[in-house]
Every structure is written in structure tokens, then in C-alpha cells.
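The following paragraphs lead the reader through a single protein model. Please keep the sequence and the structure in view while reading.

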Amino acid sequence: TWTNIFYCLVGVFFGQIVGVLPGIGAPTAIALLLPLTFTVNPTSALIMFAGIYYGVAYGGTITSVLINVPGESSSVMTCLDGYQMALKGRAGAALSIAAIGSWIAGTGSVIILMTFAPALAKFALRFGPSEYFALAAMAFGLLTVFGGEQPIKTVISTLIGLLLATIGLDIVSGLPRFAFGMPQLLGGIDFIVIICGIFGVAEVFNSIEEPEEGELIKQKMRLRDLFLTWEEWVASRWAIVRGSVIGFFIGMIPAGGITTASFLAYLAEKRYSKHPERFGTGAIEGVAAPESANNAASISGFAPLLALGIPGSPTTAVMLAGFMMWGIRPGPLLFQTQPDLVWGLIASMYIGNFL
């Protein structure tokens, strides 16, 4: 219906704005809008929230590429090569491949989600604590192997990150850890705050240190300069496919999330590449893979929510609160009791990805 298409458009547009603004994020945006949708049709509201989710996944790319500040945690890996492409005058190409990769990955994920939702639910049900631990250990192992020329620096950085992640209330016992009696630390340290500091502040200091000599080059930007060249498309097409596959399966696992998907897709692409030394210097594959992965994961993340009633990420956890508010119980019976809601939501993703 036109009403639902309008809500989809609003969600995608608002999601991209949220993605551009560092520090807000999809969970916060949806949580703020949730009380306003109490009287709205649940299908329309969920379509809008889904649009915000994958709109944010693309919106964060814009600041990552242009000013080296990730607007969203899933865009961290895009900074590494996207910003280097911008410095070489290929910012338009980086944003283009992010949009194209996101659309291909998103559309493919919707088709698979629509076709295999019951089977995906059974697969996700097999994941328990040991599988989550193995996934985290694998991610840290890949970071150590592919993180750079000096693995010890990566190990130290990983340990510092784990230490920062333990600050706040313990999930199991509810006791404060490393809060030192400060109420502000009880909620932990937000990931987006850290990455904005690491990337954004570092970029400011780099700009201060750079000498001001040189001449300003005035150049007209032609429209065709903003699009991909044939060579760039050939270099990135398989990166899109691999990123889509990795993103879809990581997003389908509860607690996988779009950030994990983008990290693993980037590392896998670097491992697969014949010229891994190009990564970090402006390789277009380094933009295509994580951008495809985070969009695929944002859509496949609805599989555990709809089929099992288990949120796969903070964003879908907020959506689960919306289900409860509307008196709807997500799970295996949802496909029988609320078919209009489920298939309306899935169908809207085709339009949302195009928008």
C-alpha cells in the first residue's frame, strides 16, 4: 500500500541521517521513535524501523569515506580504504560501490530470507554459548593474523578493547565491574564513542601536524567522475559477492550483528586478495566487501527475530520491545498467526533497498 511505501521512505531517509551523525545509532533512533508508533499499524511501524536499520548501515559510509569518521560502528572498516580513495579523488567511486554493493547484497539477502526462513531458523537454533565463544575467538584470531605487520600491536589493542568492554554492569550477576564507584561508568563505554575518538581525533591531529604549504587546486567535479570505472567494477564485483555471503550468515546468527559481519568480510577479502598490501591504501575491494556485508547482515538479522523471537543485535532487540508493545509474540507461529505482518515486512525490504 502507498501508506507502507511512505513509511519505508521515511525510515530509509531518517536512517541515513542517523548514520551520518556519529554517536546516535539505529538502536537509539528506533527507541526514540517507538513510543510515537503506539497508535500506528504495527506492519507500517516495523517497515519504517527496518528502513532505519539498513538506512543507517549505508549512512555511516558517507562520513567514513569523506572525513574518516565512522557515523556507525559497522562503517569502521570502510574508513581504512574509503578515506584513502577520497584523498585520491575517488570519493564518488567509493560511495557508488558502497551503494551498489549494499543494494546487491540487500536484495540477495531478502530473496534468501524469503525462501529459506524456516530452515534458517533451525540452523540458528543450534548456536549456543560454545559456538558464540568460538566465533569471538575466530574473529580475534583473524585480527591478529591479518591486522598488520606487527601482530603484537594487534594483540595489545585487542586486549585493551576486551578490558574496556568489561567496564559496566556484569550481564550475569548484575554487579558493577571496573566502575570505581562512578555512576557514569555503570552503562559501560559506548563503542561508537571510542571509534569516533580513535578515528576522528586522530584525523584532527593529523590535519594540525600537516604543513600548510602547497597550492589550492580549483577543479570542476564532473558527474561522470562520481561513478565507477570499468576496472573498479571488475575489481570489486567478487568482493561484493563474498561480503554478501559472509554478512548474511553472520547476521543470521543471534548476537552476530552488522559490525562483526563487516570486520570479518574485510579480513576475508584481504586474505583472499592477490595483493593484500593494497588494503589500507585505497583498495576498492576494501570498501565493497564490508559495505555489502553490513547490509546483508542487517536483513538476515530479522531471521532469528521473526522465526525464533530472539533478537540478533541491539537494533532488533529494540524492535522486539515494539512487538511486545503491540501484543505480538514473534516466533515460529508468527508466520501462521501474522502472515500479513511478516511478508509485508519482507516485501518492503525490496523497495527499501532500492530507495
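R278 has a relative accessible area of 31% and is therefore partly exposed in this predicted model. Its side chain meets that of E285 in a salt bridge, with 3.1 Å from N to O. E285, by contrast, is buried, because its relative accessible area is 8%, under the 20% limit for that class. Side chains of opposite charge can pair when their charged atoms come close.

How many salt bridges does a search of the whole structure find? The search finds 3. Another of them joins the side chains of E269 and R242, at 2.8 Å from N to O. E269 is buried, since its relative accessible area is 4%, whereas R242, at 24%, counts as partly exposed. A further salt bridge is formed by the side chains of D170 and R177, with an N to O distance of 3.5 Å. R177 has a relative accessibility of 31% and so counts as partly exposed.

The largest nonpolar core has 68 residues, of which F49, F302, L306, F323, L345 and M349 touch the most other members. Helix α3 supplies the largest share of this core, with 12 residues. Which residues does L345 contact, once its neighbours within four places in sequence are left aside? They are L46, I47, A50, F302 and L306. Of these, F302 and L306 are themselves listed with L345 among the core residues that touch the most other members.

Helix α3, at residues 42–67, also has a part in covering helix α2. Helix α2 spans residues 25–33, and its buried residues are G25, A26, A29, I30 and L33. What covers these buried residues includes α1 (2–20) and α13 (314–325) as well as α3.

Apart from neighbours within four places in sequence, F140 is in contact with T158 and L162. F140 and T158 are 18 residues apart in sequence, and their C-alpha atoms are 7.3 Å apart in space.

Definitions and conventions. Residues are numbered from 1 along each chain as its sequence is written. This is a predicted model: local features need pLDDT of at least 70, side-chain atom pairs count only at pLDDT 80 or more; totals for chains, interfaces and linings use all residues. Side-chain values use heavy atoms; hydrogens and water are left out. Buried means under 20% relative accessible area, exposed over 50%, partly exposed in between (1.4 Å probe, protein chains only). Helices (H or I, at least four residues) and strands (E, at least two) are DSSP runs, numbered from the N terminus. Contact means heavy atoms within 4.5 Å. A nonpolar core is a set of buried Ala, Val, Leu, Ile, Met, Phe, Trp, Tyr and Cys residues joined through side-chain atoms within 4.5 Å. A salt bridge is a side-chain nitrogen of Lys or Arg within 4 Å of a carboxyl oxygen of Asp or Glu.
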